[in-house]
Amino acid sequence: FDEADARRRHGLADEVPLRQDPDVLDTWFSSALWPFSTLGWPERTERLQTFYPTDVLVTGFDIIFFWVARMIMMGLEFMGEVPFREVYITGLIRDHEGQKMSKSKGNILDPLDLIDGIDLEALVAKRVSGLMQPQMAAGIERATRREFPQGIKAYGADALRLTFAALATQGRDIRLDTGRVEGYRNFCNKLWNAARYVLMNAADGARSDQPEARSVFDRWILSRLDATVATVRTQLESYRLDLATQALYEFTWHEYCDWYLELTKPVLADGDGPAQRATRHTLLTVLEALLRAWHPLIPFVTEEIWQRVAEALGIEQPSIMLRPYPQPRDRADAAAEADVAWLQALLLGVRQIRGEMDIPPGKPLRVLLEGGGADDRQRMTALERFVIGLGRLERVEWIAEGQTAPQSAVALAGSLKIHIPLAGLIDPDEEIARLEKELVKRNADLERAERKLANENFTAKAPPAVVDRERARLEAARAAASELESQIARLAGAGGG
């Protein structure tokens with residue numbers, strides 16, 4: 001393609017002047033200049049001296065040769081130094097079926113539509129407009145209406161960012177499912193609601209830094225916070241955004257929200273003054289550190305919450321962005337972690353029995369403890385009101401050595417055996433009848449799975465993933481049937497007692 005060809009194509013006579021734009025560069029050539037051309041090069045500007053070379057380049061694996069390698073070569077040629085030392089290579093975002101997103105397939109998800117939401121008709125119009133193959137419009141419209149019958153909800157930027165961080169594994173492909181985005185939006189709501197509880201109950205927390213008054217639960221959550229921050233920093237340094245996200249998620253949802261906030265309620269309700277003040281201070285300081293840890297991943301909700309937490313703590317900086325990223329503060333407390341792990345195991349054992357026996361969560365229960373050692377008895381003495389309150393128990397008693405426990409549902413917490421007597425709690429005959437009906441269904445599932453896997457045509461011709469899935473169903477059905485049989489046996493014993 002040259003000037004003569006251009007004149008011929010467009011019927012231009014030789015006397016018609018043509019001028020080539022002097023600022024047009026080949027796409028990849030101009031992109032290769034990006035690390036320094038954007039900073040004022042070829043002039044030796046202050047920005048160029050400050051920001052070249054940079055540290056890390058983030059890019060997809062599909063343009064390493066076209067862009068990354070060329071930027072390195074151009075940097076060496078014109079600047080005498082490579083433009084970056086590390087390259088963080090991401091996977092390609094695909095749709096929920098693993099297909100590459102493209103306009104011709106009509107399966108592109110616009111990030112702004114996930115953030116702000118979009119109704120069905122607007123989404124259909126966007127996907128079928130400007131197609132290179134207009135004949136595909138009808139199929140794209142049908143697929144869109146089937147996948148998004150109500151359009152796309154507004155999930156917010158934080159939920160979308162968190163989804164991408166959680167999916168940033170070492171694989172080459174990232175499957176984007178709106179169900180995952182919705183799940184992380186729910187997490188952001190969980191964090192917001194936890195902050196509301198803290199701010200409602202810890203208004204004077206800034207005046208309460210009294211380490212000697214901290215409860216075992218305060219010491220435990222501070223210890224777990226330090227361990228989590230250490231893990232997160234390690235994962236971020238190795239660019240494992242997914243593992244950093246997982247560590248923060250587990251701590252926030254399960255340890256801080258599900259356990260610590262619940263454990264503070266008895267202290268705030270009837271603890272003494274120093275203990276209450278220490279708990280309020282711990283609530284606020286852990287939340288403030290947690291917001292700083294989350295901020296790079298979910299900046300908007302953390303900034304909004306932090307403004308209110310900072311006011312309660314008397315922090316005068318105008319933005320969370322100006323606060324340092326959290327560091328572990330050497331508050332490891334093995335004793336507190338062991339005590340809380342014991343409490344958690346005991347309460348989970350009680351909850352397990354409630355679930356297995358279909359006992360309402362609010363029904364007060366009598367619990368008998370058997371076995372264990374001196375540590376178990378000491379912990380029970382120290383933590384009894386928390387066991388009773390959080391377990392919704394009527395009372396807790398120890399079975400004397402040599403004494404026989406009544407017919408009970410049983411769970412284990414280490415060497416400690418947890419008994420919940422069933423006499424008068426449920427009607428054994430009615431519960432046995434219910435469980436036997438469920439067992440009939442499970443046995444039918446078991447037989448179907450066994451017949452399917454015994455069919456050689458199925459195991460030989462079906463894809464391995466399908467066969468593996470059927471084997472997993474078989475094992476799940478066996479485990480469920482075995483558990484039901486155990487429950488029926490226990491109840492039969494209770495009825496006979």
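Me: What makes the 89 residues a nonpolar core, and which of them have the most contacts inside it?
Reply: In this predicted model, a nonpolar core requires buried residues of nonpolar type joined through side-chain atoms within 4.5 Å. The largest such set has 89 residues, and V198, F217, Y256 and V387 have the most contacts inside it. Helix α12 (residues 241-270) gives the most to this core, namely 12 residues.

Me: Which residues does V387 touch?
Reply: Leaving aside residues up to four places away in sequence, V387 touches W342, L343, L346, L347, M380, R392, L393 and V396.

Me: Why is α10 called roughly parallel to α14?
Reply: The axes of α10 (residues 178-201) and α14 (residues 299-313) cross at roughly 10 degrees and come within 11 Å. Angles under 35 degrees count as roughly parallel, so α10 is roughly parallel to α14.

Me: Which residues meet where α10 contacts α14, and how many are nonpolar, polar or charged?
Reply: From α10, L191, W192, A195 and L199 meet V301, E304, I305, R308, V309 and A312 of α14. By class, this contact has eight nonpolar residues, two charged ones and no polar ones. Glu and Arg count as charged, and E304 and R308 of α14 are among the residues in the contact.

Me: How do you know what span to expect of α17, and which of its residues are buried?
Reply: Helix α17 (residues 428-454) has 27 residues, and at 1.5 Å a residue 39 Å is expected. From its first C-alpha to its last, α17 reaches 37 Å, which is close to that value. Buried requires under 20% relative accessible area; the buried residues of α17 are E431, I432, L435, L439, L446, A449 and L453.

Technical notes:
Residues are numbered from 1 along each chain as its sequence is written. This is a predicted model: local features need pLDDT of at least 70, side-chain atom pairs count only at pLDDT 80 or more; totals for chains, interfaces and linings use all residues. Side-chain values use heavy atoms; hydrogens and water are left out. Buried means under 20% relative accessible area, exposed over 50%, partly exposed in between (1.4 Å probe, protein chains only). Helices (H or I, at least four residues) and strands (E, at least two) are DSSP runs, numbered from the N terminus. Contact means heavy atoms within 4.5 Å. The expected span of a helix is 1.5 Å times one less than its number of residues. Axes are lines fitted to C-alpha atoms, for helices over the stretch in contact, and angles run from 0 to 180 degrees between N-to-C directions. Angles under 35 degrees count as roughly parallel, over 145 as roughly antiparallel, 65 to 115 as roughly perpendicular and the rest as oblique.
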